[in-house]
Amino acid sequence: MFRLLASLLLLIAGLVAVGGAAMTQSAAAQNGATISARPMPPPAALEAVRFAVIGDNGTGGQPQFDVARQMIAYRAQTPFDFVLMLGDNLFGRPSDRDFTDAFERPYRPLLDAGVRFHAVLGNHDAADNRLFPLFGMGGQRYYTWARDNTRFFGIDTNRLDDEQLAWLENALKRSLERWKIVYFHHAIYSAGKRHGSNIELRVRLEPLFVRYGVNVVFSGHDHIYQRFKPQKGITYFVQGASGKLRTGINASAESAVAFDQDQSFMLVEIAGSELTFRTITRTGRVIDSGVIGAGPST
């Protein structure tokens, strides 16, 4: 009798445990659509987030291939596993050949190594380019995704409508990650002589960036490299010289570094509360580097 009673008690306990696990899984499934489906691990448990940044690269010309070769070479030192593309990923009307010649061929060794690309659209990109699987956009004009303690927000500055702005505010508000990085094509801070700062976009975007604690912003459009001194606590980069190059930079007291003499790309590593960056030309020369702090964890 005692053994029978003990067996029944064990069976009941097992059913309760299974039921509790099922309820936990159900709750997790319900939370799966939220921006942060799982609690962030403590900073000490996070791995470094490493990535490259390129912009205005899609020419299919020799300078683009030169930059790609440097990216491949430097990956041996900084093993990044994804690349942000800041728009004008393909110049001109795209065809299968354009995708092959101006994307797959120069970056084939990276693609073969499992490196993923996450693009946004530039003014020279066709709208349907968002459907190209290797651009990592999931068919969307704007989207967000996270890697460990860093959340990325890719937005479409070709058409910054109210719907997109509402989405961006909600996504920023709900983000729990320590680092928030936004990337898009048209620079809201730039001293390039061809385009310069897009003030209209700045008026619409910067208040959201400040309100919700964005740390770093990457953009392109001007075919130069530039880093600005922190503006309202945010560091802005222009990296629009990974394929095309256009000389001409206006003097600016807000600028920290500006370079228009060669094509370039960036390497970025985030570890805990520090972001380390290097900007490298197609000949392998480091033209800028530094460390950005995220401030205290919240």
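Among contacts (heavy atoms within 4.5 Å) in the chain between residues at least 6 apart in sequence, 67% join residues at least 24 apart. The model is predicted: local features need pLDDT of at least 70 and side-chain atom pairs count only at pLDDT 80 or more, whereas totals for chains, interfaces and linings use all residues. Residues are numbered from 1 along each chain as its sequence is written, and side-chain values use heavy atoms, with hydrogens and water left out.

The secondary structure comprises six helices and 13 strands; these are DSSP runs numbered from the N terminus, with at least four residues for helices (H or I) and at least two for strands (E). Of the 298 residues in the chain, 48% are buried, where buried means under 20% relative accessible area, exposed over 50% and partly exposed in between (1.4 Å probe, protein chains only).

In soluble globular proteins, nonpolar side chains tend to be buried together. A nonpolar core is defined here as a set of buried Ala, Val, Leu, Ile, Met, Phe, Trp, Tyr and Cys residues joined through side-chain atoms within 4.5 Å. The largest such core has 53 residues, and Phe51, Met71, Phe117 and Phe218 touch the most other members. With residues up to four places away in sequence not counted, the contacts of Phe117 include Ile54, Val83, Phe103, Leu110 and Leu134. A second, separate core of 25 residues includes Leu172, Leu201, Leu205 and Ile234.

Helix H3 (residues 96–104) has Phe99, Ala102 and Phe103 as its buried residues. These residues lie on the same side of H3, because they cover an arc of only 100 degrees around the axis, taken from the directions from the helix axis to the C-beta atoms. Asp96 and Arg97, on the other side of H3, are exposed. The cover over the buried residues of H3 includes helices H2 (62–74) and H4 (108–112) and strands E2 (82–85) and E3 (116–119).

Strand E7 (residues 216–220) is largely enclosed by the rest of the structure, because five of its five residues are buried. Val216, Phe218 and Gly220 point one way from E7, and Val217 and Ser219 point the other way. Strands are counted as paired if DSSP finds at least two bridges between them. E7 pairs in the parallel sense with strand E6 (residues 179–186) over four bridges, and Val216 is the bridge partner of Ile181. E7 also pairs in the parallel sense with strand E9 (residues 235–239) over four bridges, where Val238 is the bridge partner of Ser219.
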